[in-house]
Each structure stands twice: as structure tokens, then as C-alpha cells.
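Please look through the sequence and the structure shown below before reading on.

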Amino acid sequence: MEPFITHTGRAVPLRRTNVDTDQIIPAVYLKRVSREGFGEGLFAAWREDPKFVLNQSRYDGATILVAGTDFGIGSSREHAVWALVDYGFRVVIAPRFGDIFRTNATKAGLLPVQLPEATVARMQDAAEADRSFTIDLKAREVRVEGGLIASFEIDDYTRWRLMEGLDDIGLTLRHETAIAAFEQARPAWLPATL
Amino acid sequence: MSSAPRTLAEKIWDAHLVRSEAGEPDLLYIDLHLVHEVTSPQAFDGLRAAGRKVRRPELTIATEDHNVPTTGITGPGVPLTGPGSPVTDPVSRTQVEALRKNADEFGVRLHRMGDAGQGIVHVIGPQMGLTQPGMTIVCGDSHTSTLGAVGALAFGIGTSEVEHVLATQTLPQARPKTMAVEVTGALPAGVTAKDLILAIIAQVGTGGGQGHIIEYRGEAIRSLPVESRLTVCNMSIEAGARAGLIAPDEVTFEYLKGRPHAPRGAEWDQAVEYWKSLATDEGAVFDKTVTVDASKLTPYVTWGTNPGQALPLGESVPDPASITDPDKSASASRALEYMGLTAGTPLRDVAVDTVFVGSCTNGRLSDLKAAAEVLRGRAVAPGVRMLVVPGSMQVREQAEAEGLDKVFTEAGAQWRSAGCSMCLGMNPDTLSPGERSASTSNRNFEGRQGKGGRTHLVSPAVAAATAVTGKLTAPADLTPLAR
Ligand code: SF4
């Protein structure tokens, strides 16, 4: 995973709440067996509407999505994150995220930034006014050109993992002894599939 | 562990701690990992690329469900490729092939389409007795919350986490908060577990359970059979909670006893003793508590494009202008536009094209029975298409043994084989643009059942009554049959 320390770019306002992962990427696009190419299916149904925000050429090349509350609810499909990343997004800002989506994002190198509704609304206006955004994970801060600055919360561990670009499995395998010890103590009546 | 009173979820969590360090997520041991074809190929690829194995194949099980068609499969041995394969979409076929190859290579037990054990991932676990109280269970699928019905801590994960569990049989997780949903009173006759969970979500909101594990409690929950509890826990994710669970009790033990993977003999007694110790202690504190009065409920249906947009069937399509929260009002306007509905229309006047009975929410034997009871001696309205899709091949077999298939086909419904079917627009069973359904599944998101499709979530009984009249209808609205 690519380390994430700070990112500067342009933002797109997605003024919708309850954007579920079926909207982010419809099921019919989930059939690939690799992690690449999902950008094609990003917001597939909405992209047929010429007025949809991602279809406006003024937002071409934007890397930050500023969305409404409850972004990424619904299905656990990590493909939603892969689609956003494949399309070019590195950060999603929203007042609240679906739990699984937020976890998936931090595993696949997309930074979820949670901020109060009023702040997000101001950021959507700033995005519309084509202000540049800087997301500083080290300082836990979003700075918007023109002076808007907002601190966000992210736990130390996730922040450290993102800044180092670390693979979770490698980190867990350092605790092999603890895992093996736990396995020794499991009750015999627990079910096995084989 | 400390002797302070703990909730059911906390007890299970504590019993699965491999390690716990301040400033780091807890490392949880996972007792059972369920796998399906959609969210696993990239995880197995990751293992291969890193030269890793599946750490505990005997704690892992896979099934084919999302991509498989529900026609042309009557038993085991259906070819996946070549002439005679029911899977006509080459991309779907590739995904199922990838699962078969991965299961072979990594030594994971797989239920292939048509096998007696095949079915929707959240239906086969309980039916085999693989999902037991006190266990930690994960699957790359958000409706894993279903399995909390037997008193297990079960939650959905993404593909990166699937790879993590395959490689290590553990998962790093921050400890969630706990939320009690107290359901007081008894459900009136004709009101089902599906109506109850739709009412709960309408009350809590789609984000209300976020960051929490829900424990459903109270008289109404205790009196539900396990299959109905599975329906309730299934939709916990629709309230934003990753997991929902119900304390194991005699109803749970009775359900589990004698199932193929349930403990036997002395081990059974040992297990039951442990399971009985899991219930939330007197005095344990939940971070949040919500109370719902079951005795006031009537059949519920959704009118919008998220599961929280639901109302009693007796009401009318709401007017967005009367909703004070500006976000909710905007979302209601958008929903009405997408759904092609006008504010003020009585929900009972909404006509549907398609009725779908099935999915991991309502695809079990008791669900099919409830639908069949309404349809027996009646007919599906002209012009309405009704699909009845058992949640597993075993459910299909049991339903046929009871003659339910005949009830459905004689009424003019289609009787299918097991799979996710029309719950999501991924296999051949889909809605066409503009087509409207009454569906026993769990999501009414835009396009969920096919691009442009319009979904009303309902219980199996309401689905069947709706099929009879062609409009959203409760069984009690139907003219009684002459005896
Ligand atoms: S039936 Fe629907 S919700 Fe359940 S696992 Fe299948 S697609 Fe997901």
C-alpha cells in the first residue's frame, strides 16, 4: 500500500446523503477477479446523467470527494473503495461513513475523513468554488485554500499504518506465538468444516 | 477477566482476544470464516502473491450463491462450462471458476451449485449447525450479521480483511460500542419478524447503529423462533450496525441439537453449560438503548430507496415537504422521484409488476411456508410475475417434501433453485428499468435489483398477498377463502 502523509488536490462536491455501496459500484460490475479496472463502474447509474457532478468537466482530475452523511453504507464490497481509487480519488470527506466502508478504505489506501456536517457543507461550497484542498494526515488536518482549516480524528494506530503504508497481515504475523497459544486453548467441541 | 457485569457481546469479544494492547486494535480469533465467489478472488490472489496458505482450512467454508442462476439447476453435478451449463454470463462463470480453483488449491470445503449443501452463505451455516453461540464468525458480506441470531458475534468484512482472516485466522478490530434494542410486548397476529426489523430501522435510522453491536432483547424477541431471529439480525447492517445478536436460550439449543456440526454427547452438555453463561449480566451497561413496543406494530413496507424509509402498510407515501430535517427531506424527494411515487398515495394503491420471495432475510423454510399459506387456493394476479427462491438446496428439498412447490406453481408462481437471485442485480434474475417489485430481501437501494428497478421491502406474507392482488396488500386484506 502506498504511504499516505499529505495530499493536495481539487475536490468534487457530492451533495447526497445515504450514498450506499450499490450506488458507488452496482453489483453487475463486481464480477472481475482482479483489483483493477473498477473505476469504470464508479457511480455507473448516475454517470449516465450529464448533469451528474462527475460528468462536469470542471471537476476532471479531482482527487478528493466531499460527500453527504452516511457515505458507503450497505454492502461490504471493497470494490467500492477500489472503484474510487481506480477513478483517482485518494480522500473521501463526509460527516459519517458506513463502518465496513471506512475500514475497507483504510486497508486499500483511501483516506476517510470524518468531519461535522456544517464543516462538510462549507467544504462542498469550497469545492464548487474550485479551491484547492490539502489533507495532512500527520497534522490530522484539512486545509482549504482561502483559510478554512478543520482538524479530524483518526486513531493513532490507523494513522501510523497509513503513513507507513503497512500491510496488516505482516503486522499480525509478528504475533504468531500468541495466535498459536490461543489455538491450543480452544474448546474441543467447536465445529470444524472438514 | 474482570468480574464487572458484561454484555453478551463483551463476553464473546473477551473470550476471543489473542492480544490486547493499549493504542492498538484488539486481535480477535475467528472461529468460522464463510466465503463466497464475489468477495474472495482478490483475497486468494493476495495469498498466492505472498506465498501464504490458508491457516485453518477446517475453520473455513465456501459456497456459490451470488452469481448462480436459479433455473436449470436441479441437483449436483451441473456443468459450469460447456453446453448444458446454466451459467451463461461468461464473467459470472469466471468468478465461480476462480472460487472452485481457489478452494481446490487451498483445501477449502466448497458447496457447488446444485449440491445438497449449496445455498446462500448466511443460510447454509445455521442449517449445518456450524454457527453456534459464543463463536466469532466473519464473511466478506455485510449480512453476516444474520448469524448473530444464535448468539454468535458475526459481522461482515471487506476483501482485504478476508485475506487477513484466511492468512492468520484473526482480525484486528477496535472494540465497538454496544446498543440494546429492547422489544417489549408481543407481536400481534399477522405481524412478523420482518415487519419488526423494518420498524426498528425506521426508528433507529440507517446510521443509528453505526459503530455499535446491537443486542435484541425483550419478550417479543424471546418468543421468536430461530428462523425469525435470523431475519431480525440479518438487517442489523441496515441500521448501520455491523453486528446484531440475541442471547442463546432454550429455543437456540433446541434449534441446534442434532444438526450435523453441533456438539454431541458429553460435549453437547459442556457446550450448553458454556452457552448459558453468555447472556448479558444483570447490571451490564449498554452505550445506547432503544425501546420498541411490538404490540403496536402492523405490517411494514418501504416506500423509498433506503431501508429506513418504511411505514406501516396502512399509511400513505409521505410528503417530503412535511419532513423537517433538510437532508431527510431532500433524500425523500429524490427517493419519490426514483420510485415514481406521488406523495399522499395510499401505500395499498401501489401496484407492482414482480414479487420476489427469497434471500438471506426471508429464504428459509418458515418464510416459504408463510408465503404458501397465503397462496394456497389463490392465484397470482394476471400480469404479475412471482419468483419463489429457496435460500438453500436443503430448504428447497424440505419445501418440496411438504408440497409447497406445488402450492406456488399452482398459484402461478415460479419455483426456483437456491441462490441470491433477485436480491441483487448480479445474476439473471433482475428487474428491468422502471419495473416495481415487492421483495422479501433487505435492500431497496436504487438499482439494487437491477438498473432502474423499484423495490418495496416486505415480509413473505405481505409479498404473497401482494402477488394475489397486484398491489401492496396484507394477508388480512384478502377476502377469506370459502372452506
Ligand atoms: S441474498 Fe442478498 S443480501 Fe443475502 S447474501 Fe445474497 S445478495 Fe447478499
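**From strands to interface**

In this predicted model, strand S2 (residues 64-67) of chain A and strand S3 (residues 91-94) of chain A pair in the parallel sense over 3 bridges. Strands of a sheet in general pair through backbone hydrogen bonds, and the pairing may be parallel or antiparallel.

These two strands belong to an open sheet of 7 strands in chain A, which runs in the order S4-S3-S2-S1-S5-S6-S7 and whose pairing is mixed. At its edges stand strand S4 (111-114) and strand S7 (148-151) of chain A, each of which pairs on one side only. From one strand to the next, the twist of this sheet averages 25°. Helix H4 (residues 117-128) of chain A packs on the sheet, where it touches strand S1 (6-14), S2, S3, strand S5 (132-136), strand S6 (141-144) and S7 of chain A, and the direction of this helix makes about 95° with that of S1(A).

Turning to chain B, you will find an open sheet of 5 strands in the order S5-S4-S3-S6-S7, with parallel pairing. Strand S5 (109-111) and strand S7 (153-156) of chain B each have a single partner strand, so one side of each is left without a neighbour in the sheet. Neighbouring strands here are turned against each other by 20° on average, direction ignored. Strand S4 (residues 60-63) of chain B pairs with S5(B) in the parallel sense over 3 bridges, and within these two strands B:Ala62 stands opposite B:Leu110. Helix H3 (residues 90-106) of chain B packs on this sheet and touches strand S3 (32-36), S4 and S5 of chain B, its direction making about 150° with that of S5(B).

How do the two chains meet? In the model, 59 residues of chain A are in contact with 80 residues of chain B. The area buried between chain A and chain B is about 5,500 Å², and carbon and sulfur atoms give 56% of it. A:Lys31, A:Trp189 and A:Thr193 supply 16% of the area that chain A buries against chain B, which is more than any other three residues supply.

Between chain A and chain B the count is 9 salt bridges. A:Glu176 forms a salt bridge with B:Arg55, in which the closest N and O atoms are 2.8 Å apart. On the side of chain A that touches chain B, the residues divide into 23 nonpolar, 16 polar and 20 charged.

Technical notes
Residues numbered from 1 in each chain as written. Chains lettered and ligands numbered in written order. Predicted model: local features only at pLDDT ≥ 70, side-chain atom pairs only at ≥ 80, totals over all residues. Heavy atoms only, no water. Pairing = 2+ DSSP bridges. Helix = DSSP H or I, 4+ residues; strand = E, 2+ residues; numbered from the N terminus. Axes fitted to C-alpha atoms, helices over the stretch in contact; angles between N-to-C directions. Contact = heavy atoms within 4.5 Å. Buried area = accessible area lost by both parts, 1.4 Å probe. Salt bridge = Lys/Arg side-chain N within 4 Å of Asp/Glu carboxyl O. Nonpolar A, V, L, I, M, F, W, Y, C, P; charged D, E, K, R; others polar.
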